[in-house]
Amino acid sequence: MTAPNMADPDLIVSGRPVSTHLKDTRTLSQRMVGHFVKNVVPCGTLPGEALSGDVTAVTRVCLELAVQMLDGNEGGGDIERVGAAAAGWAREGIPIDTIQHAIHEGFKLGFDLILANATTQDHESLVNVARRFMDILDTIITTVSVAYVRELRAVVSEHHTAVHTLTSALLGGNSTSTMARECGIQIAESYHVLALAVPPHRDERNPTLDGKVVARRKLRRLQAELATRCGDSALSLLSVDGGTILIPTTTLADAELDELVTHLSRAAQVPVRASAVEATPERIPQAADQAHELLDMVHRMNSVSGLYRFNDLALEYQLTRPGPARDFLGSLLDPLDDYPELLETLQVHIGTNLNRQRTARLLHVHTNTVDYRLKRIGQLIAFDPTQASGLWYLRSALVARAHRTGDPAGNMPPLARYDEPERGGEQDAVVHDIAASPRVRRS
C-alpha cells in the first residue's frame, strides 16, 4: 500500500481533513448496517451472522477504502477485498440491486456525517468533497459490478452444465437420485415432455446480417421467456431449431401449456410448433420419442403453429402407422402427380374447410375453376371431394402421403404462401392447416 499523502487543502472541513470525520470505521460501520436493516428491505431478511459478519466487515472495508482515497491513496488491497465479497454475494444469490442500493445508502450516511460537522465557511470544500465521493463511489460500484457479473456467469455456467447433464440423463433413461443430488436439482414426480420446432427468424435470411447471430439471439429470447414462465424448474435441451423441454406438472397445469407456447412464439418472434406428452421420469425417453413423432406429423402436414397433444392427432397418428391401409392411402393421390394444380386445389380447399369462395380467392381463380378442378379430381382417383365419403378418404390420403414423402404436404408448397387477411375480419394473416381435419386447426 502506498504511503499516505498530505491532506488535500481542498478537502478540509471544520479545519480538519475530511477523512478524520470518518476515522471511527468500527462504530460507523455498525451504524450503517443498522441503517441497511431498516431501510434496505432485503437486508432485513439476511441471517444475523451474515449481518454481523460479512456485511459489517465489508462495510468497514468500504469505509476504510473511502478514508484512504480521501487522503489520496489508491487502496488497492481493500478494493480487491470488496470485489471478493461481491463475488461471494453473487454465488449466494443476493440481488445486485440490493448491494448497490446499500452502497449508495452508506455513502449518503457518510456524507451526512461530514455535513453535520461542517460550517458555513466550508461550502467550497464540501463541493470538492462531493466530487471526490463520486469518484470513490464510481470505483467501488465498478469493482462490485465486475466481480458480481463475472461470478454470476460462472454460477450460471455451472447450473447450465448441471441442467444439461440431468436433462440428458432423463431423456436417455439413465437418471438416478445420486445424479440429481450432485446436480442440485430435484427430480419431479411427473413432467410435461414438450417437443419444440423453432423455424428460422426472417432476419436469418437477410444477407446484410449474420444469420448465426440472429439465430442465437432468437434462442436466448426463447430461453429467457421459458425461465420467466417456469423459473428454474424447467429442464431443456434446445438449439436454434428447437429441442425438448421437461416441465414438472406441478409448475404448469396442462391447460397452461398452450399459453406458454404462445409466449415462446412471441418471444422468439417466430411461429413455434410444439407437441406435449405427460410422463413419469422413467417414461420420459418413450414420451420424448412420441412427442417428437407427433411434432414431425404436424410439420409434414404443415399445420399452423401452436401446441398439439396426442388427442388432437390420434386419427392422423393411426393413419401413419405401417400397414396396407397406409400404403393404399399414401398412393391414392399419385394420379395427381401430373396435375400439380389439382393437388394444390385439393389441399387449399380442405385447408379452408371446404369454402369454395375462399379457396378461389387464395388460388386467384374463379369459383367455377375450383368446381371444375374438384370434379376432375373425382374423375382421376374415383373419390369425389364434393361428397362426404370421398372427402374423408382424401383427407386421410393427404396425411398418409405427407408421411410417405417426408416433405410437408407431400412436396406441395406451404399454405403460408397463400396467407392473406380476411376481408372485414382480423388484421392478422390467417394460416390454414394442410391435410388436417377442422378439429386440429388452430386459430
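Is Phe 107 buried or exposed? Phe 107 is buried, at 13% relative accessibility, where buried means under 20% relative accessible area, exposed over 50%, and partly exposed in between (1.4 Å probe, protein chains only). Please keep in mind that this is a predicted model, in which local features need pLDDT of at least 70, side-chain atom pairs count only at pLDDT 80 or more, and totals for chains, interfaces and linings use all residues. Residues are numbered from 1 along each chain as its sequence is written, and side-chain values use heavy atoms, with hydrogens and water left out.

**Aromatic pairs**

- The structure holds two aromatic pairs; rings of Phe, Tyr and Trp (its six-membered ring) pair if their centres lie within 6.5 Å, and planes under 30 degrees apart count as stacked, over 60 as edge-to-face and the rest as tilted.
- One of them joins Phe 107 and Phe 133 edge-to-face, with 5.7 Å centre to centre and 85° between the planes.
- Phe 107 sits in helix 4 (residues 96-116) and Phe 133 in helix 5 (residues 123-172), so this pair ties together parts that are 26 residues apart in sequence. Helices here are DSSP runs (H or I, at least four residues), as are strands (E, at least two), and both are numbered from the N terminus.
- Phe 133 is buried too, at 8% relative accessibility.
- Ring pairs also bring in Phe 111, which makes a cluster with Phe 107 and Phe 133.

**Salt bridges**

- Searching the whole structure gives five salt bridges, each defined as a side-chain nitrogen of Lys or Arg within 4 Å of a carboxyl oxygen of Asp or Glu.
- Lys 218 pairs with Glu 204, and their closest N and O atoms are 2.9 Å apart. Because Lys 218 lies in helix 7 and Glu 204 in the loop between strand 3 (191-197) and helix 7, this bridge ties together parts that are 14 residues apart in sequence.
- Lys 218 is buried, at a relative accessible area of 1%, while Glu 204 is partly exposed at 22%.
- Asp 254 and Arg 309 meet at 3.0 Å, N to O. This pair links distant parts of the chain, 55 residues apart: Asp 254 is in the loop between strand 5 (242-248) and helix 8 (257-268), and Arg 309 is in strand 7 (residues 306-309).
- Arg 309 also forms a salt bridge with Asp 258, the closest N and O atoms being 2.7 Å apart. Asp 258 belongs to helix 8 and Arg 309 to strand 7, so the parts tied together are 51 residues apart in sequence.
- Together, Asp 254, Asp 258 and Arg 309 make a network of salt bridges.

**Surface patches**

- Patches are made of residues with over 30% relative accessible area and no salt bridge; like charges are joined within 9 Å, and nonpolar side chains (Val, Leu, Ile, Met, Phe, Trp, Tyr) within 5 Å.
- Lys 212, Arg 216, Arg 217 and Arg 220 gather in a surface patch of positive charge.
- Arg 220 belongs to helix 7 (residues 211-230) and is partly exposed, at a relative accessible area of 48%.
- Leu 315, Phe 328, Trp 392 and Tyr 393 make a nonpolar surface patch of about 380 Å²; accessible areas come from the Shrake-Rupley method with a 1.4 Å probe.
- Leu 315 is found in helix 10 (residues 314-319) and is partly exposed, at 33% relative accessible area.

Note on methods: Lys and Arg count as positive and Asp and Glu as negative; His and the chain ends are not counted. The place of a charge is taken as NZ of Lys, CZ of Arg, CG of Asp or CD of Glu.
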